[in-house]
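Colleague: I am new to reading protein models. Could you walk me through this one, feature by feature?

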Amino acid sequence: MEQLAFASTTLVNFKDGTYRWVDVKHFRLATPQDDEPLLTAVLSHQLYRDDYLGADSWKDGGPVHGPYRLDALSPASFEEVDQEAACATIRTWAGRYADLPETIAHDLEAEVYPLIRAATSRYRLRDLDEASRDDDLGWILGEFHELILIDRNEDSLTVIVASDD
């Protein structure tokens with residue numbers, strides 16, 4: 001039995017000329033587990049094999065996740081963070097270039113921040129070294145931020161990736 005069952009995905013596309021977006025992948029937990037086995041399960045899930053360079057790029061099943069080689073990622077690549085730090089990761093990245101248009105701020109408030117607030121565990125991908133980047137694709141995406149949220153009250157795991165290309 002698979003530990004994670006894909007439920008849905010949401011895309012917040014900034015459409016403001018900055019080529020920024022937030023991808024949200026929702027999973028259901030098949031059985032209650034500790035956090036580390038869940039992190040291992042998501043890292044090995046087919047939908048995690050996403051280079052984010054096109055719609056459904058995870059279907060290629062390549063050896064990358066965003067700019068990173070999959071073999072460079074492990075549960076130790078993530079640090080546990082609190083709600084404030086997780087929200088700040090997205091908020092700082094989103095506001096980097098200018099004030100957010102009201103529609104994008106609304107979308108983030110509707111689709112991203114409630115998930116962060118509801119999570120019982122929050123993990124942020126650490127800044128990885130250049131050796132972790134994929135030689136062919138690692139340079140295409142700009143800033144790359146990732147959160148993994150575990151919500152034991154809803155038996156769910158969510159992967160949030162915020163980036164630009």
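**Reading the fold**

Modeller: Start with helix α1, residues 35-44, where D35, L38, L39, A41, V42 and L43 are buried. Keep in mind that this is a predicted model.

Colleague: What covers the buried residues of α1?

Modeller: The cover includes strands β1, β2, β5, β6, β7 and β8.

Colleague: In what order do the strands form the sheet?

Modeller: Read across it: β1-β2-β8-β7-β6-β5. That makes six strands in an open sheet, with antiparallel pairing.

Colleague: Which strands stand at the edges?

Modeller: They are β1 (4-13) and β5 (78-80). Each has a single partner strand, so one side of each is left without a neighbour in the sheet. On average, neighbouring strands are turned by 20° against each other, direction ignored.

Colleague: Which helix packs on the sheet and touches β2, β6, β7 and β8?

Modeller: That is α2, residues 83-94. Its direction makes about 30° with that of β8. Now look at helix α3, residues 102-111. Helix α3 lies across β1 and β2 and runs at about 165° to β1.

Colleague: How do I read the side chains of a strand?

Modeller: In a regular strand, side chains alternate between the two faces of the sheet. S156, T158, I160, A162 and D164 point one way. L157, V159, V161 and S163 point the other way.

Colleague: Is β8 mostly covered or mostly open?

Modeller: Mostly covered: nine of its nine residues are buried.

Colleague: How many bridges join β8 to β2, and how many to β7?

Modeller: Nine bridges join β2 to β8. Eight bridges pair β7 with β8. Both pairings are antiparallel. To find your place, pick out single partners. V24 has I160 in β8 as its bridge partner. L149 has T158 in β8.

Colleague: How many residues lie between the strands in the hairpin of β7 and β8?

Modeller: Four. In this hairpin, D155 takes a positive phi near 50°.

Colleague: Now a single residue. Is Y113 buried or exposed?

Modeller: Compare its relative accessible area with the cut-off: under 20% counts as buried. Y113 has 4%, so this residue is buried. Y113 lies in helix α4, residues 113-118.

Colleague: Which residues are in contact with Y113, leaving aside its neighbours within four places in sequence?

Modeller: C87, I90, R91 and L108. Take I90: 23 residues separate I90 from Y113 in sequence. In space, their C-alpha atoms are 8.7 Å apart.

Colleague: And how are pockets found?

Modeller: Rolling a probe the size of a water molecule over the atoms shows where empty space is left. Here, the second largest pocket has a volume of about 230 Å³. Of the 14 residues that line this pocket, the closest to its centre are L125, R126, D127, F144 and H145.

Colleague: Which elements give two or more residues to that lining?

Modeller: Strands β6 and β7. The most comes from β7, with three residues.

Colleague: How does the lining of this pocket divide by class?

Modeller: Four residues are nonpolar, three are polar and seven are charged.

Key
Residues are numbered from 1 along each chain as its sequence is written. This is a predicted model: local features need pLDDT of at least 70, side-chain atom pairs count only at pLDDT 80 or more; totals for chains, interfaces and linings use all residues. Side-chain values use heavy atoms; hydrogens and water are left out. Buried means under 20% relative accessible area, exposed over 50%, partly exposed in between (1.4 Å probe, protein chains only). Contact means heavy atoms within 4.5 Å. Two strands pair if DSSP finds at least two bridges between them. Axes are lines fitted to C-alpha atoms, for helices over the stretch in contact, and angles run from 0 to 180 degrees between N-to-C directions. On a 1 Å grid over the protein atoms alone, a cavity is a set of points where a 1.4 Å probe fits but cannot get out, and a pocket is an open set with protein on both sides within 12 Å along at least five of seven lines; lining residues have an atom within 4 Å of a point. Grid points are joined across faces, edges and corners, and a volume is the space filled by probe spheres set on the points. Ala, Val, Leu, Ile, Met, Phe, Trp, Tyr, Cys and Pro count as nonpolar, Asp, Glu, Lys and Arg as charged, and the others, Gly among them, as polar.
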